[in-house]
Amino acid sequence: MSNFDSAGPDPAPVRNARPAAVSPVYLDHAATTPMLPEALAAMTEELGQLGNASSLHFAGRRARRVVEESRELIAEAYGARPSEVVFTSGGTEADNLAVKGLYWSRRAEDPGRHRVLATAAEHHAVLDTVRWLAEHEGAEADWLAVQPSGALSPSGLADALARHPAGVAVISVMWANNEVGTVQPVAELAQVAAEYRVPFHSDAVQAAGQLPVSLAASGASALTITAHKIGGPVGIGALLLARGEQPVPVLHGGGQERDVRSGTLDVPAIRAFAVAVQAAKERGPDEAKRLAALRDDLIAQVRAAVPDAILNGAPPGPGRLPGNAHFSFPGCEGDALLMLLDARGIACSTGSACTAGVAQPSHVLLAMGADEARARGSLRFSLGHSSEQSDVDALGAVIGEVVERARRAAR
Amino acid sequence: MTTLRVLAAMSGGVDSAVAAARATEAGHEVTGVHLALSSNPSSYRTGARGCCTLEDARDARRAADVIGIPFYVWDMAERFRDDVVQDFVAEYARGNTPNPCLRCNEKIKFAAVLDRAVALGFDAVCTGHHARLEQVGGVAGGRRLTRSVDPAKDQSYVLAVLSGVQLSRAMFPIGDSTKDLVRKEAAERGLGVATKPDSHDICFIPDGNTRSFLRDRLGSAEGPIVEPDGTVVGSHDGTFGFTIGQRRGLGIDHPAADGRPRFVLSIEPVSRTVTVGPAEALDVTQIQAIRPVWSGCPAPGGPIDCLVQLRAHGEVHRAVCEPDGDVVQVSLREPARGIAPGQAAVFYDGDAVLGSATIARQSGVAATR
């Protein structure tokens, strides 16, 4: 974990007497994963180059070439044409562009289209966008119920669509859940949507580094991906947008990206994004198998130490992201567990990160039918390209004692 | 010196930041925690929470960064609502004048937070209170709560409710410094909160309008304002708007017969009667206080001479205190004015706290009841 040593959890503890953590263990790759050395090198080199990719002179042409070569690599990796790659500032912007933009364009075509269908377990970037459309733009949010595993059944989507198909503007169902790792049957869901000719968007941010993700093969209208979950930099992502879909822009300006997204292209980040995508593609299914084996061992070690721990989400297998393990620890508060593990040099998460730092009961677990206590007492461990057996063993060595202590604190 | 695992409660203010820095510099293993006390924690996402509070959380986090300690936010909103805010409202409904800061120390910082900290493996809770803990022999916990060296900022009054056991786990690193010195030190340490203004309001009433806060929760309930002889001189829309000794905001439009200012003498919530009268009718010499806590001495077996303080930042009075079971009879040497039930009577030996009790009843030379 060489790229982690220089940036431990508490940088530059000038006066801190705390002994340095033995060896930091990073089990939060779903939040962000270390940048790959080759992506870092590409980005650093590109930062020294001159040129706006929209300029017509030699410097602009050089920058544009880097962008277009990167676009081709990314398109090829995700079953899209180059023209179907719309660069954005990341996953949140891509989700906003897909959900708001397609809602607006579909409604402009037919004012009767006011329904937005999404599961209650979506990432906040979709969840809050749909809520905003309902509060400010006359949308009717139709929250699709998920099964206890977190999965949406295609028949559940079909039933919701059939209630008033002509009124549906857009559907958004994530490819893989960011908290519990449940993989949705995206191709089947997209097919249901296609039968009704309704655009289907999927947030594939968590899936893109770990599973085969293809715009063409999935049949989706739009997919969200982002670089920093794959080994690229934070601040660059893309909406893979099928030809023919023309969402109303969220950002207006020079129209750099297919006239649906404006803003000067971030050439160094785009180049590093492509390098990371290429590396992920080369790692391929072997890496997913390696992560799944590590993850299975992590689950086994946690269960051995804490027999009553509940694994949330789908059982290990094709229905679950290979790098994800998510538990509820009965009688514990998730934030106490996180703090105790943090003090032992182990980084994990209570769910999706919250800016203010207050632990909320996970809306994903609540949507899956868990009660509030189970939702509050949960932790996500997520593995990635730099994870090793020693990381899993380090967790297995302390999780029993940590859960025991957190239980005493919750009494 | 023993290295302790210390949980530093960091409000986002300058005092708690310097306290955490000093505890760290003393060699302790310190972890910073900001307590989220909003009654609606979900508003953290929706933005309904006051921006100042989010700013406080950020200030606390930045101070922890500068000191170089881990930092977390603990959600104490439910406990705070139940034990401090609801108690505050209920006390006013009873005609009393509560001190929510005192209650927060008693029930949140040195109870809920301390208990959780100890269970999680911490040895002590550190705060930025202006008070000292002096090492003495033979007293519970071996330490005695003492006034800050800065009399204007001293907070021993709102900490005196803590038991010896609670104090044995407390750490007040800035009690031996004046506020000016604390600010100077914060600047030297590069803490951004060095010049942040002091907070004065009740934290859960950010607009400072206590009367409207209480009216929202208790509802308007009209009642008479009377003189001691029963003459009705006005009306009010809720006894919660008054505290004993209050002069302003009585809403009486004609002056007293003798032309002198009138003060609230008593509040009777059942009949919703507020009695007003002249200043000298506020004079009190006898106080009954209940639920005593003796942290600075063994519970006295008989009457003791001591000093007593009857409100936050109030003057001290010479008195004789005589515990009798769960009640302490306080006889003041000289009359004191504006003594309100619900406030604490804190007993001192010089600058050292002996104990504390809650004022339940008072009576005085002018026999107002």
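Modeller: Here's a tour of chain A, from its domains to the sheet, a pair of helices and a second pair of strands. A word on ground rules: this is a predicted model, so local features need pLDDT of at least 70 and side-chain atom pairs count only at pLDDT 80 or more, while totals for chains, interfaces and linings use all residues. Residues are numbered from 1 along each chain as its sequence is written, and chains are lettered from A and ligands numbered from 1 in the order in which they are written.

Let's start with the domains. Chain A splits into domain 1 (2-35 + 284-410) and domain 2 (38-277); bounds like these come from an automatic or database domain assignment. Their C-alpha centres are 28 Å apart. Domain 1 of chain A puts 26 residues into the contact and domain 2 of chain A puts in 28 residues, where contact means that C-beta atoms, placed from the backbone, lie within 7 Å. On the domain 1 side, helix H9 (267-305), S10 and helix H11 (363-367) of chain A each supply at least two residues. That side has 11 nonpolar, 13 polar and two charged residues. For those classes, Ala, Val, Leu, Ile, Met, Phe, Trp, Tyr, Cys and Pro count as nonpolar, Asp, Glu, Lys and Arg as charged, and the others, Gly among them, as polar.

Now the sheet. In chain A, seven strands make an open sheet with mixed pairing, ordered S2-S8-S7-S6-S5-S3-S4. Helices (H or I, at least four residues) and strands (E, at least two) are DSSP runs, numbered from the N terminus, and two strands pair if DSSP finds at least two bridges between them. At the edges sit strand S2 (85-88) and strand S4 (140-144) of chain A, each pairing on one side only. From one strand to the next, the twist averages 20°. S2(A) runs antiparallel to strand S8 (residues 237-241) of chain A, joined by four bridges, and Val86(A) stands opposite Leu239(A) in S8(A).

Helix H4 (residues 91-109) of chain A packs on this sheet, and among the strands it touches are S2, strand S3 (115-119) and strand S5 (168-172) of chain A. Its direction makes about 160° with that of S5(A); axes are lines fitted to C-alpha atoms, for helices over the stretch in contact, and angles run from 0 to 180 degrees between N-to-C directions.

H4(A) also meets helix H5 (residues 124-136) of chain A: the axes come within 9 Å and cross at roughly 35°. On the H4(A) side the residues include Val99(A) and Tyr103(A), meeting a set in H5(A) that includes Val130(A) and Leu133(A). Residues of this contact divide into six nonpolar, four polar and two charged.

Last, a second pair of strands. Strand S10 (residues 324-328) of chain A pairs with S12(A) in the antiparallel sense over five bridges, with Phe327(A) partnered by Leu379(A). Strand S12 (residues 378-382) of chain A is mostly covered, with five of its five residues buried; buried means 20 or more other C-beta atoms within 10 Å of a residue's own, with C-beta atoms placed from the backbone. In a regular strand the side chains alternate between the two faces of the sheet. Here Ser378(A), Arg380(A) and Ser382(A) point one way from S12(A), while Leu379(A) and Phe381(A) point the other way.

Notes: Two residues are in contact if their C-beta atoms, placed from the backbone, lie within 7 Å. A residue is buried if 20 or more other C-beta atoms lie within 10 Å of its own, exposed if 12 or fewer, and partly exposed in between; C-beta atoms are placed from the backbone.
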